[in-house]
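Hi there,

Here is the structure I promised to pass along.

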Amino acid sequence: MNYIWLALMVISLVVGAFTGNLGAVTAAAVNSAEVAVEISLGLIGIMAFWLGIMKIAEEGGIIKILSRAIRPISKFLFPEIPPDHPAIGTMLMNIIANWLGLGNAATPLGLKAMKELQKLNKSEDTATNAMVVFLALNTASITFIPMTVIAVRAKLGSANPFEIISTAVFASTCATITAVTAAKLMQRLPGTRKSDPNRLPKTTGKGGDDA
Amino acid sequence: MLNSLAYAAVDTVQQVAQATAGAGDSMFVTVMKGFSNLAVPIILFVVVVLGFFKKIKVYETFIDGAKEGFSVAINIIPYLVAILVAIGMFRASGAMGFFIKILSPLTNMIGMPAETLPVALMRPLSGSGSLGIVTELMTQHGPDSFIGRLASTMFGSTETTFYVIAVYFGSIGIRKSRHAIASGLIGDMAGLLMAVFICHIVFG
């Protein structure tokens, strides 16, 4: 993240200087900062609503039931999480919300899942393997109704605004599989292994159980 | 070898596409849309009623959970400011045009029209930015042109990776994201390439 952020900053300033866009670049910085705060504050209401509902779901045992239901998959994707931990059920709810294109619900549920995952993290500021896999599932998320783009297509007079659903589902499924595979493979690299906050102190303890 | 494989894939996908076109397609869409509209009410009903039967004080528990909403939203602010400022500056600087010039010979080779390259580059950075480009392309070339369909597929098949990573990690204070960005971007790249591939097969 350090390098990417640095690169974005330096490239914009250097290119901006050459093209004479420096004024626009600084204006964009101020503007984007305001937008970021607006987005964050705009989340408060919907966040509070879903966190309240999720608390009832948790105490009512629904999250536990969901967690148990997907045990075979979660054991493969998240071998380090206990199978009936609430993190599993919450992640499942986030992924279903993504599938259905419920953007408003997906973010709060995803953030709740991150909170649960953080409870299993021995470090305060370093991501665990489980978090990276969960984000891989999310950044390439499969959506069966990509409503935004369908709405734009309909508005521009497309004969069949929905025809891109099958191609988008195909492409996003490939993206998801690739992202998760990449996350799983990269967590075995020496560098990432060393930075794993939950790595075992002495033995690696890894048999073939996560293959 | 590869060619014959590709042709075989073309045949099967076209058969599937023909079989599911027309009635099948709209049925699928109606069912999925119905699902989307009903999902939230059903979830709310099940959660609240089940909570009640489990003798949970639903109102108090809701308040308890909802309290955290404010702090989560506040926690995200510095992370989101950092990433959105950098992306906003990048877009305003005109650096995008520079990258497009470098990359367009490569993308031409894989059958990706140069016009859609900005969508591919912008998609992981900014949701509204890439939607703007997609809209512009469809206005220019028409939503049912190959470019319009490819741009829509690209937009519908990947997420705003940097935004998701900033918000999700920001909410719990994670600063060292390790291999999260790399795997997210590899996924995006796969999604974009597969979008080009499948659009050539289905709409080509």
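Let me start with chain A, where buried residues make up 52% of the 211 residues. Please keep in mind that this is a predicted model.

The fold of chain A is helical: there are 10 helices and zero strands, so the pattern along the sequence reads α-α-α-α-α-α-α-α-α-α. If you trace the C-alpha atoms of chain A, they span about 55 × 45 × 35 Å along the principal axes. Among the contacts in chain A with a separation of 6 or more, 58% are between residues 24 or more positions apart.

Chain A has an accessible surface of about 9800 Å², and carbon and sulfur atoms account for 66% of that. Its side chains include 18 positive and 13 negative ones, with the centres of the two sets 7 Å apart.

I also looked at a helix pair in chain B. Which angle do α8(B) and α10(B) make where they cross? The axes of α8(B) (residues 146-157) and α10(B) (residues 180-202) cross at roughly 145° and come within 9 Å. This crossing of α8(B) and α10(B) is right-handed. On the α8(B) side, the contact is made by B:F146, B:R149, B:L150, B:T153, B:M154 and B:S157. Facing them from α10(B) are B:G191, B:L192, B:A195, B:V196, B:C199 and B:H200.

Best wishes

Notes:
Residues numbered from 1 in each chain as written. Chains lettered and ligands numbered in written order. Predicted model: local features only at pLDDT ≥ 70, side-chain atom pairs only at ≥ 80, totals over all residues. Heavy atoms only, no water. Helix = DSSP H or I, 4+ residues; strand = E, 2+ residues; numbered from the N terminus. Buried < 20%, exposed > 50% of the residue type's maximum accessible area, 1.4 Å probe, protein only. Contact = heavy atoms within 4.5 Å. Areas by Shrake-Rupley, 256 points an atom, 1.4 Å probe, with all protein chains shown as cover. Lys, Arg positive; Asp, Glu negative; His and termini not counted. Charge placed at Lys NZ, Arg CZ, Asp CG, Glu CD. Axes fitted to C-alpha atoms, helices over the stretch in contact; angles between N-to-C directions. Left-handed = near helix turned anticlockwise from the far one by under 90°.
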